[in-house]
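The sequence and structure are shown first.

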Amino acid sequence: MSDHLEDLAEAVRGVLSSRRPVDATAPAGLDTALWKELEQLGFTSLALPEELGGGGGTVRDAAVLVREAASACAAVPVAEAAFVAAPMLAAAGARPPNGPLTAAPGDLYAEPVHGGTWRITGSLSRVPWLRSAGHVVTPVTTPDGPAVAVVPVGHRLLRLVEGTDLAGEQRDGAVLEGVETDQVFPLPAGTWRRDAELYGAAARALQMAGAARGVLEATLRHVGERVQFGRPLVRFQAVQHQLAALAADVVTVEVSADAAILALLRTGYDRELMVASAKAEASALARSVAAVGHQLHGAIGFTMEHRLGAYTRRLWSWRDEYGNELYWHRRIAELVADRGGDVWGLVADADRRPEGAQVHVGD
Amino acid sequence: MTLRITAVDAPPGALHELRLEVREFLRREIAAGGFEPEADAWMSGVDPAFSRRLAGRGWVGMTVPARYGGHGRSALERYVVTEELLVAGAPVAAHWIADRQMAPGILRNGSEEQKHRYLPGIVRAEQFMAIGMSEPDSGSDLASVRTRAVEVDGGWRLTGTKVWTSVAHIATAIVVLARTDEGGDRHSGLSQFIVDLPHPAVTISPIITIDGAHHFNEVVFDDAVVPQSALLGRRGDGWRQVTAELGNERSGPERFLSALPLLLAWTRTGAFADDPLARADLGRLVSRLTALRQLSLAVAERLSAGENPAVEAALVKDLGTAFEGEMVDVVRRHVDPASGAVPEQLAAMLAKAVLHVPAFTLRGGTNEVLRSIVAKGLTGR
Ligand SMILES: Cc1cc2nc3c(=O)[nH]c(=O)nc-3n(C[C@H](O)[C@H](O)[C@H](O)COP(=O)(O)OP(=O)(O)OC[C@H]3O[C@@H](n4cnc5c(N)ncnc54)[C@H](O)[C@@H]3O)c2cc1C
C-alpha cells in the first residue's frame, strides 16, 4: 500500500478504534455520532470531487474507508455512501446532503410535476440503515432518461417496511407513493443501475475482506491462548492445517477485492470480471471462513458474548447482498459466452474490448 | 507474522504485444503440426526441438542477463510468456526446470565459471536440467537425504539414490542435494552439486507413471566423482539454497494452469452455453481462476523484487493445485464421452488429465507440507 493509503487507513482506524466489537450483539441502530465524526473529517464524501464539497479522492481511497469500517463492524452506511451514491452524485454534479446517507439501486420512476419538483414512485428493498438515514440516493428512470434522486426518508409518502439482516443491522424496504422532491439530477446516458450493482458488489467484497480478516485474527489469538491436552491448540497439526486453509481463503478474498478496486479505478473492460470474481469468491468463501473460525473457537465462539460472531454474522449477511456467488458465476459465464468460449482471453486480456464481442446496453 | 498479499497494480493487458507475439507463434506451430496441445504438458511434453524453436525466439532464459547469453527481460515478461505456453498446452517440459529454477539458482549461488558454463546453454535450450532432491526414504522430510558427497582428491565423490527425478533421462545436468557434513542441526551440512550427464558412474532408469508414460526416473550415484567446481554455492548452505529455489519452483503459473488447455478445449466447443448447470460451474472456475491469478501475480512480483515469499508461495500453490484438480473434474462431469458428441481430441486430453491429477498436489512439495509452512508463517512457530 502507498504511504498515502496507509496514512488514510491509520486516520480511519483512529476514529474507529473505540468502536471495535467486543461481542456479537446486534448494533442498537445507526451510529449517528460516528457518522457525524466521519462526516466532519470528510471521510463520508472522500471520493466525491472537490467542487461538490468532497475530498477529491479515488475509489481506492474510498476502499480503505469501507474496509476499515467493516473490520470495526461500524454501524454506518459508508459503503453505500462511498460506492453506490458517490459515483452517481459525481456524474450528475450533485452535492450530497448533510447527515447519514444510504443508497441502493431500486425500481423507481420520477416524473416532473411543476417548477423543478419531481414525483417519485416505486419501491426499494433491504436498504441498509434506511429508517435511520436522512436520505437515500438511488438511480431513477425519468421520461428523459436516467437520473439520480436524493430521497428524503422522512417524507410522508414514503412507507417504510422495517427489517434486519443476519447481523441485526437494519435492512429496510420502502414503498414510494409519489414522494415529492426537487433533488432529482439527470445523469448522462449509461447503465446506472448496473453500475450501482457493480459498485455495491465491490463494496461488499471489501467489507467481507475486512470481516474475514477479523475472523482470522480472532482465531489466531484463540488457538494460541486456549490450552487443551496440556498445550495450546495451535500446537496440534490438525489445527495448524485448518488455520492455513483459513488464511488462504482470507487472503483470496482480500486480493480479489483489491484487484476489483484497481479494475474500477482503471475503468477498463475487466472491471465486470474482476468485481464478479471478487464478490463470487467472497460469497463462496464466507462459508469456509466462518466454519473454520467457529470450529477452532469451540463453544465460546457460538455465544453472543464473543466477538467472533460479529464478523461471521456479517459475512453470512453480506454474502447474499449484491448477488451471491451463483448470481456472479452466471454473470461470468455470460462474459465467457460473449467471447465465444475464450476463457483465457477474458481473464488475460480483460481490459481490452474483444473483437466482435457483444456490449451490454441498457439494464 | 500477519500474512498479507496485495494485488499487483498492473493492468492485465500490460505487455499485450508480447503476449500476442507468443500467441501468434504458438498458433503457427499448432497449424504447422509442430505440437498438439495437451494438458499438463509442462511436465510431460518433452520436445527438445520445440524448446529450441522457442529459444530461437528469445523465450527461454528470458531473465538471464545478457552477459551470460540471456535476454535480460523482466520477471513479468517471463511470466506472460510462461502463461501463454501453459495455456496453449505447449511441450515445454525439456527446458522447463532449467529455465524455471536452475538458471535463477545458478545466478544466485553459482561461481562465475558455472554461470558462463551453464547459463548460455540453458538460454539456447541445449542444457536441460533435472532436480535431484527426493530419495526413496526422503520425500516430504527432505532434510533427511542420505546421498553423500565426500571430498576426494580434486573433487567430490557422490553416493546415493535419487527418485522421481523428472526429465533426468534427457537432462544434460542434474542438481543434487547431498549431505557433505555430519553434526550440527539436520538443516546444516547439506550442499548442492551440479553433475553433468551422462556420467559413467550415474545410472538413470525410468520409473513409469500411472498414465503409462516415462516422465521421471531413478538416478543412482555409484561413487560418482565430480570435479571441485561441481559444488554449487557454499558447502553447508544447501538447505538455504534449496529453500530459495523452491520459491521459484512453487510460485509459477503452472501451479494453477496445468489443466487450462482442457478447460479451453471444452469451452471452445460451446457446449456449456445452453446448459445452466454447466454455466454455473464454468462461472465458478473462471471466478477462481481470476482470483488465483491475482494471487500468483502478487507472489511473482515479490519474488522479482528480490524477496523470498516462501510462505505466500506455499499458500498459492496449495490453492492453485487443488483448483487444477477440481477443474479437471468439472470438465469431466460436463463432457460425457459416452454421449458420442465429444470431439476425439477433447476426450483424449481429458483421459490424460484425469491420470495426471494425483501429481498436482504432490510434486514440488505436498499440500500438507505447504499447509504446515503457511501455519508456521502465521503463528511464528
Ligand atoms: C510427477 C512428479 C514429479 C516429481 N519430480 C521430482 C523431481 O524432478 N525431483 C525431485 O527431487 N522430486 C520430484 N518429485 C517428488 C516430490 O517432491 C515428492 O513426491 C514429494 O516431496 C512428496 O514426497 P513423497 O512422495 O516421498 O511422499 P511422503 O513424504 O512419503 O508423503 C506421503 C503423504 O504423507 C504426507 N505427509 C508427509 N509428511 C507429513 C507431515 N509432516 N505432516 C502431514 N502429512 C505429511 C504427505 O503430505 C503425503 O500426503 C516428483 C513427484 C511427482 C509426483
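How much area is buried between chain A and chain B, and what share of it do carbon and sulfur atoms give?

## The interface of chains A and B

In this predicted model, chain A and chain B bury about 4100 Å² between them, and carbon and sulfur atoms give 65% of that area. Chain A brings 48 residues to the contact, and chain B brings 48 residues.

Between chain A and chain B there are 5 salt bridges. One of them joins the side chains of B:Arg268 and A:Asp342, with an N to O distance of 4.0 Å. Polar contacts between chain A and chain B number 10 residue pairs, both residues of each being at pLDDT 80 or more. On the side of chain A that touches chain B, two or more residues come from each of α5 (192-225), α6 (237-266), α7 (271-297), α9 (325-338) and α10 (343-348) of chain A. The most is given by α6(A), with 17 residues.

## Domains 2 and 3 of chain B

Chain B is divided into domain 1 (14-126), domain 2 (131-236) and domain 3 (252-380). The C-alpha centres of domain 2 of chain B and domain 3 of chain B are 31 Å apart. Their contact involves 4 residues from domain 2 of chain B and 5 residues from domain 3 of chain B.

The area buried between domain 2 of chain B and domain 3 of chain B is about 350 Å², with 68% of it on carbon and sulfur atoms. Within domain 2 of chain B, the residues that lose the most area to domain 3 of chain B are B:Ser140, B:Ile210 and B:Asp211, which together account for 92% of what that side buries. The interface of domain 2 of chain B and domain 3 of chain B has 0 salt bridges, and 1 residue pair is in polar contact there, both residues being at pLDDT 80 or more.

## The annotated N-terminal span of chain A

An unreviewed UniProt entry carries the annotation "domain: Acyl-CoA dehydrogenase/oxidase N-terminal" for residues 6-93 of chain A. The span of residues 6-93 of chain A is 55% helix and 0% strand, and its end C-alpha atoms lie 29 Å apart.

A:Pro143 is placed in the loop between β4 (135-142) and β5 (145-152) of chain A. Because its relative accessible area is 52%, A:Pro143 is classed as exposed, the cut-off being over 50%.

Leaving aside residues up to four places away in sequence, A:Pro143 touches A:Tyr109, A:Ala110, A:Glu111 and A:Pro112. A:Glu111 is 32 residues from A:Pro143 along the chain, and their C-alpha atoms are separated by 6.7 Å.

Methods. Residues are numbered from 1 along each chain as its sequence is written. Chains are lettered from A and ligands numbered from 1 in the order in which they are written. This is a predicted model: local features need pLDDT of at least 70, side-chain atom pairs count only at pLDDT 80 or more; totals for chains, interfaces and linings use all residues. Side-chain values use heavy atoms; hydrogens and water are left out. UniProt positions are given in the numbering used here, feature names are shortened, and annotations may be inferred rather than shown by experiment. Helices (H or I, at least four residues) and strands (E, at least two) are DSSP runs, numbered from the N terminus. Buried means under 20% relative accessible area, exposed over 50%, partly exposed in between (1.4 Å probe, protein chains only). Contact means heavy atoms within 4.5 Å. Domain bounds come from an automatic or database domain assignment. Buried area is the accessible area (1.4 Å probe) that two parts lose on being put together, summed over both. A polar contact is a pair of N or O atoms within 3.5 Å; within protein, one must be able to donate a hydrogen and the other to accept it, and residues adjacent in sequence count only if both atoms are side-chain atoms.
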